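Subject: Structure handover, notes on chain B

Hello,

The structure is pasted below for your files. My notes on it follow.

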There are 2 protein chains.
Amino acid sequence: MTLRYPLSDHSAATGFGGNILDRMSERRDESAFADSVRADRHGRALLYSGDLLVADQEGARILFTRSEAEALGADWVNAVFLGFDADGPIFAAPVPEPGDSFTVHNLRQLAIDARISPELLGAVAQGRSVTGWHATHGFCANCGQPTIMGAIGMRRDCPSCGASHFPRTDPVVIMLAVDGERCLLGRQRRFVEGTYSCLAGFMEHGETIEAAVRREIWEEAGVRTNRVSYYASQPWPFPSSLMIGCFAEAISTEIEPRDRELEDVRWFDRADIGPMLDRTHSVYAAPPAVAIAHHLLRAYYERGAPVANDAVIDGAAIITGAMA
Amino acid sequence: MTLRYPLSDHSAATGFGGNILDRMSERRDESAFADSVRADRHGRALLYSGDLLVADQEGARILFTRSEAEALGADWVNAVFLGFDADGPIFAAPVPEPGDSFTVHNLRQLAIDARISPELLGAVAQGRSVTGWHATHGFCANCGQPTIMGAIGMRRDCPSCGASHFPRTDPVVIMLAVDGERCLLGRQRRFVEGTYSCLAGFMEHGETIEAAVRREIWEEAGVRTNRVSYYASQPWPFPSSLMIGCFAEAISTEIEPRDRELEDVRWFDRADIGPMLDRTHSVYAAPPAVAIAHHLLRAYYERGAPVANDAVIDGAAIITGAMA
């Protein structure tokens, strides 16, 4: 039942990038299918208390049976169906703050700790985004009336005006501008001291990925770029972004930001990037492997400027996925 | 003032992909900037009657001055700021159906006819998506109360609950699965007879681009794919999609759709693709150059299976953009 995708592409290596649930999206509208999935005795749920994931006391087990979920206050009939793993259907549901027999976990920290399999971590991200969307989209944006859940949680319908609303995913470009042996990084005010990362920003209407990459680098650094190449993507469930990771070839080098979004933007020597990633640099640091920025920086550090012109997967074929 | 981006990447060559407006997004929240932009005597507007773009009687001029726009019923104070071209700010606004001295145009047909410059066509797509978003998002999805426009049209704010809402852009994967000298195309029921195109579908929460490509091909054709490579992207203003165009390497060939979304899915020989694109094939046809599918097919026809493993821009550097 479970779709096995290859886990060895660049995107699957990012935090939350390893989701292999079979979403059965072609059957979500069949009420008989919805009923059978909901009644499946192998059903388990990921439970969210606000932004946090619920786990057992040891912080190890995060999938709960229907009776366990209901004991914690989950509404099983309105739980969102995420997809099937090898053991059966997985749902996501919000619950109140659980008692002392349970623990709650920040998703970013969960990914950093790497105690959960990459595959399940992808489902955790999916569940967080969709439950967050339902929590903030109870009303119809078109007419203001209350909406109801449809398609086992993948839609909200408005009985008043007839509009259908689907979960939103916000595309964000995140990119490393490269000038030969230097690359461009910025620091947000909220970052830990010394930490720098790739520039990023939300895509807008009427824009290609390449144009968004060039626009954001121009706004945040005043640097012009030309060739843009895609490297990897990542679901980022805070609340529901799709990070689109690219390299960009710099064609100007003077830094003169047009906005004040970043506290600092500067060029870093390629030789500094390795120690920044490994946290052995005396002054600076780069994001951990949960972040797609880490992977962009790692690729640049290892391969140098050519990575910006040759962002496809290295010659060797990927290990082939198989149907389990 | 205008940002000149290179227009020679794969994405810029797609319909609506050539937008070069300087969006000034870093200043949208400054009320003094908003006031000065709105009062700029060089301001012009794109006007939309429902889904259609308004033009003069000859169908040639699509930018209207403030007095012309107001005569047609536009509310200049609530027009959406799109960005600057070399002549000043450009806005977008809805208007009632105009009289006989004007013409209205389907955006897809406008792009096919190619009478408007690719740069301006990109702005037309941007204006269509953002005016459409305002028209269907007058209420707060979080609390159901009316919202008001902010950031010169790039946000809606809820005075009741304080939520901010940003225009949504829906990422869609569109892809060509390749099996050596054959590629996989499908036919939607609404297509003109004989027309086949690339498979496509909306991305979902907790999913990478590569995983979405593999999932959609699996659902619509029952074909398994492995390596995925990005080729180009395209804004698609019906109503506000970001088309993400990819190639995928097929690792199974039997066609057995899981859903009934397509009327037919089949393998096409590479040799047929050129005549299908040029509309000289005796039986089949492929989409016109406005569609990113055309560009994926053209690249495959010209370069063969390696395109799926080497989707970066060909060796030669792109003509460099310059600040106008």
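Gly150(B) stands opposite Arg155(B) in E8(B). This is a predicted model, in which local features need pLDDT of at least 70 and side-chain atom pairs count only at pLDDT 80 or more, while totals for chains, interfaces and linings use all residues. Residues are numbered from 1 along each chain as its sequence is written, chains are lettered from A and ligands numbered from 1 in the order in which they are written, and side-chain values use heavy atoms, with hydrogens and water left out.

Strand E7 of chain B pairs with strand E8 (residues 155–157) in the antiparallel sense, over 3 bridges. (Two strands pair if DSSP finds at least two bridges between them; strands are DSSP runs of E with at least two residues, helices runs of H or I with at least four, numbered from the N terminus.) The open sheet here has 3 strands in the order E7-E8-E9, with antiparallel pairing. Its edge strands are E7 (148–150) and E9 (164–165) of chain B, each pairing on one side only. Helix H4 (residues 118–136) of chain B packs on this sheet and touches E7, E8 and E9; contact means heavy atoms within 4.5 Å. The direction of H4(B) makes about 15° with that of E8(B). Axes are lines fitted to C-alpha atoms, for helices over the stretch in contact, and angles run from 0 to 180 degrees between N-to-C directions.

Next, strand E1 (residues 44–49) of chain B. 6 of its 6 residues are buried, so E1(B) is largely enclosed by the rest of the structure. Buried means under 20% relative accessible area, against over 50% for exposed and partly exposed in between (1.4 Å probe, protein chains only). Arg44(B), Leu46(B) and Tyr48(B) point one way from E1(B), and Ala45(B), Leu47(B) and Ser49(B) the other. In a regular strand the side chains alternate between the two faces of the sheet.

The pairings of E1(B) are as follows:

- With E5(B) (residues 88–94): parallel, over 5 bridges. Leu47(B) stands opposite Ala93(B).
- With E3(B) (residues 64–65): antiparallel, over 2 bridges. Phe64(B) is the bridge partner of Ala45(B).
- With E2(B) (residues 52–56): antiparallel, joined by 2 bridges. Leu53(B) is the bridge partner of Tyr48(B).

The hairpin of E1(B) and E2(B) has 2 residues between the strands, and Gly50(B) takes a positive phi near 65° there.

Regards
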